[in-house]
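Hello,

Here is the structure for you to look over. My notes follow it.

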Amino acid sequence: MGGNAADKPKLFENGKRIDGRKLDDLRDVKIVARVLNDADGSAYVEWGKNKILAGVYGPSECIPRHDQSLYRSVIKCRYNMAPFSGAEEHGRSGPNRRSKELSKVIREAFENVIISENFPKTQIEIFVEVLQSDGGTRCAALTAAAVALADAGIPMKDLINAVAVCKIDGKMAVDPGKEEDNFGESDMPIAFSPRTGDILLFQMDGLLTREELAEGVKLAKDASAKIRGMQVAAIQQVYSEPREERFLIIRTPGAEAGERNSPG
Amino acid sequence: MDTINEIKRDTLAALLAKGLRGDSRSMDEYRAVRIQASPLSNPDGSAMATIGRSQVMAGIKFDIATPFPDRPTEGVLSTSADLLPLASHLFETGPPSEEAIELARVVDRGVRSAAIIDLNSFFLEEGKVMALYIDIFILDHDGNLIDASALAAMQALLSCRMPKVEGGKIVRGEFVGKLPVKGKVVTCTFGKLGDRIFLDPSLDEEKGMDCRLTLATTSSHICAGQKGGWGAISERELLDLSELSMKKGNELRALLKE
Amino acid sequence: MAESKIVMPGELLSDKPERISYAYVDKGKTYSTVVGLFFEGKLVPLEGPYEPLPDDLIVGLITEVKFSGYSVDINTAYPAFLSSREIRERYNMGDTIFARITMIDEVRSTELGDAKKLPAGRLVKVSSVKIPRIIGKKNSMIDMLQSATGCQINAGRNGYVWIAGAGNATLVEKAIRTIEAQAHTHGLTDRVSAFLKSNKQ
């Protein structure tokens, strides 16, 4: 939310959004699991122009000791953005207030589904790095983290994901892009447990009537089911196309994909 | 040196004594090297470099900055490195460790000494210069992060676009050609244990070795050097390695894309 | 191996409440907690941390010499201990042992026994759920690896594989990575056999 009212573009016209999508269209999403060698589990998500990498470690000894719980594994989560991830100026390395808040709400979503009682006195660490951001990074981050946790074999009640909805020119729309984020009238990211429909992450700003909120939640829920299909496909691919070597390959129009070069 | 490292040292020493390395490489052989140019579109330049299982991303962003008081017409070049916790169970969250700082400064030194970027061309007006920020993101650690980082940074520079500047401000998303880069800098890092020296140490080798020597080269000069670790190098070894790093550096240079 | 299905966390396994490992019951139905193979009522995880069971044979690394025994790294988040009373020789920090899990207590600490020291070699860490495939039915896979490479291989149920001896350890490691990636597939033994033959020097 924000943006100068004078610069505000028309966000919805002739049934199309600023990037040509319909109100219930998601951006292009690609998910690849198992892309890192050291992490116990990992996943890479491209969501619109967002490029997000998630890595998971654990269960491992909980350090420092005073964080330990005798009854469950302590879940730790760090959401972080690369200094070069935004479209604007060079950011600073390290956590800021926004990334600390997102780390917390993402962690709390996973605390609901990870069966942490199975591993008392340990910790499970979730790290998400935003390599490139384009609106909706927290949803893509949570979605990537869920796949990384499944890749690591951490037991969970469900494979969760998150999608945001927005209100643009009076209409509820799914998965806001950056301009819709900046100039829309409301932004509402939601994480679902697809099996039960339970909401595990909920944030919202702007102004919505009760009907608009209900409509938004329904749009998000339908989109969440589609995202889950992509998460499942990514995990299935680990087994249908097994690879001994793990590489992160980032697709960008015009970029050359990695070649095997060995100077010897 | 702590005892677990001593154990690994003995194992590594035994292998090296037979002229062998853990992964069957020869002493002057790199693992598989892979470079992706411009994987990202938000930064002004970006690249990914992979050596063996180590994976590194470099991103470059321009900003407007005030110059250093003692060099008022010179642009700013700043390099930083993040050893991300997802890259290795050995990395923790928190402020940059001495390892991260050393890595960034070594990569920076190579680029700066070789003067492949003309910092004087970054002058805009009194009190305003362009600042070029190179950020190295270590994504996966299996040893020799310095060479992988230097490759990623160099490729990011080669692929970097110059942003358009209007009225003393950068117009994001608009570019005026590419960043002019004169030459290509790469680093070659050697590990040493006893009197055995080996190129491109893997993480296993790093855990056992006594010290490392990194030499940055252009096609004609050696432009930066850094010894790390507690062991010692002889004069003879240093001279031999400076010659070898020119040769091996050229092989790495050949992999960079314009 | 007959057809089995790969299931996801949260996927329905049964409309009735069942006692299935790695599954949970909610409102009378049973769901998976992991990515796993579900076949004939049994759920086998495809990944996951090593969870010790009594009598498991494991490869461990001595990490600390204590007064009455040794702390051992067995690839879990919990302490493992080998009492001096269990063995006749003395071990040093950094030694590798092949041992049996004798007891697991209620706070997940493990005790080991029947230990023997392994000769100098190297460690390959794999996902512990793939170890049965690396060993093979009646040791078929591990025997094939040993004879083709001349190495002595100890595959611990905990995911630590120790490769010793004068043979081609790098080839063993490559073969193990292949088995790990393809553990869930058919015809793996033949493919590994072909791989070993083509790499014989």
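The face of α1(A) turned away from its buried side carries three exposed residues: Arg97(A), Lys100(A) and Lys104(A). Buried here means 20 or more other C-beta atoms within 10 Å of the residue's own; exposed means 12 or fewer; partly exposed lies in between; C-beta atoms are placed from the backbone. Helices (H or I, at least four residues) and strands (E, at least two) are DSSP runs, numbered from the N terminus.

Before you go on, note that this is a predicted model: local features need pLDDT of at least 70, side-chain atom pairs count only at pLDDT 80 or more, and totals for chains, interfaces and linings use all residues. Residues are numbered from 1 along each chain as its sequence is written, and chains are lettered from A and ligands numbered from 1 in the order in which they are written.

Back to α1(A). Its buried residues are Leu102(A), Ser103(A), Ile106(A), Arg107(A), Ala109(A), Phe110(A) and Val113(A).

Next, the strands of chain A. In β5(A), 10 of the 12 residues are buried, so the strand is largely enclosed by the rest of the structure. Strand β4(A) (41-47) runs antiparallel to β5(A), with 7 bridges joining them. Pairing requires at least two DSSP bridges between two strands. Val45(A) stands opposite Ile52(A). The β4(A)-β5(A) hairpin has 2 residues between its strands, and Gly48(A) there takes a positive phi near 60°. β5(A) also pairs with β7(A), antiparallel, over 9 bridges. There, Ser60(A) has Gln123(A) as its bridge partner.

Now the A-B interface. Here 39 residues of chain A are in contact with 46 residues of chain B. Contact means C-beta atoms, placed from the backbone, within 7 Å. On the chain A side, β5 (50-61) and β7 (122-132) each supply at least two residues.

What about the cores? The largest nonpolar core has 155 residues. Such a core is a set of buried Ala, Val, Leu, Ile, Met, Phe, Trp, Tyr and Cys residues joined through C-beta atoms within 7 Å. Ala43(A), Ala144(A), Ala145(A), Val56(B) and Ala152(B) have the most contacts inside it. Apart from it lies another core, of 36 residues, including Leu82(C) and Ile135(C).

Finally, chain C. It comes to 4 helices and 14 strands. Its C-alpha atoms fill a box of roughly 55 × 50 × 20 Å along the principal axes. Of its 201 residues, 40% are buried. Strands β5(C) (36-39) and β6(C) pair in the antiparallel sense over 4 bridges. Leu37(C) stands opposite Val44(C). The two strands form a hairpin with 2 residues between them, and Glu40(C) in the turn has a positive phi of about 50°.

Best wishes

Conventions:
Contact = placed C-beta atoms within 7 Å.
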